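Open the model in a viewer and have the selection tool ready. The stops below go from a pocket to a sheet and then to the helices beside the sheet.

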Amino acid sequence: MDKTVYQVMKQERLSIIEKWKKEMNNYQEFERELTNVTDDVFQNTNLEYIEKLLNHASLENETISPDLRDFFERIIQVGWPLNYLTKGLQAFRRVAIKTVLDKNYDMEKAINVYDLIDRSVDGLLNEIVKFSNQTWRNTISVQKTALLELSAPLIPVFEQITVMPLIGTIDTERAKLIMENLLEGVINHRSQVVLIDITGVPVVDTMVAHHIIQAAEAVRLIGSKCILVGIRPEIAQTIVNLGIDLSDFPTRSTLLKGIESALELTNKKIESLS
């Protein structure tokens, strides 16, 4: 930053800090997301924030300092509202400009000072938006991956018998995940019979049936058998109307009937103790 501006800010450092903290205290009163933050934590964070802003102002280039970048990242990651950072920068801009202009520079110098501080703060605001956007994308990506992993679980229910309950619509991306989880799970659990439960699948069209048949065929190739269970009357009617051929694919109306068939195929049965 300009040496003259920096010298003024250095001389008025304590005054700038106090004025800035006062503005931020007013902000805290109206920010509901910070009501659970203790006053000590808020004040300590404020002090760290303004110290890093002033240290950043001492840099000659406009690149954000690593310390300030780390602070921004930490505040966003701990879940403080984004506008805490933006309000802090806006307050810093107001306080810094007023402090420097109080030195009664001539008009040209005053305009240059205003423009210098304004552009510097704008650069920091852009960095915050950029990082926040990246953090949001990363969070969405992680959540999407977690949801996909949970969307096609393979659950062992008896020795050599596993169940894959499917809920919701099945698109090409999810079908690929179903296939991967199915084959990997069959090997890991040494499954002889896999029950694919479509009770929670709202619509079974040609594409969904094609994906399920492909999965069953893949399971057959590694030496296991698939049974499709949970076929509701309306789903059965749709399958017939679409001309989908499931003749090579054992089906049962309910999961219970599917388990009974799986027990027979694995030479097992459940007996009552009484």
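**Stop 1: the pocket**

By class, the lining of the largest pocket has 6 nonpolar, 2 polar and 5 charged residues. Nonpolar covers Ala, Val, Leu, Ile, Met, Phe, Trp, Tyr, Cys and Pro, charged covers Asp, Glu, Lys and Arg, and the others, Gly among them, are polar. This is a predicted model: local features need pLDDT of at least 70 and side-chain atom pairs pLDDT 80 or more, while totals for chains, interfaces and linings use all residues. Residues are numbered from 1 along each chain as its sequence is written, and side-chain values use heavy atoms, without hydrogens and water.

Select Ala 216, Glu 217, Arg 220, Asp 248 and Phe 249, which lie nearest the centre of this pocket among its 13 lining residues. A pocket is an open set of points on a 1 Å grid over the protein atoms alone where a 1.4 Å probe fits, with protein on both sides within 12 Å along at least five of seven lines; lining residues have an atom within 4 Å of a point. Next, select α8 (206-221) and β4 (225-229), the elements that give two or more residues to the lining. Helices (H or I, at least four residues) and strands (E, at least two) are DSSP runs, numbered from the N terminus.

**Stop 2: the sheet**

Show the open sheet of 5 strands, in the order β1-β2-β3-β4-β5 with mixed pairing; two strands pair if DSSP finds at least two bridges between them. β1 (155-158) and β5 (251-252) are at the edges with a single partner strand each, so one side of each has no neighbour in the sheet. Select Phe 158 and its bridge partner in β2, Ile 161.
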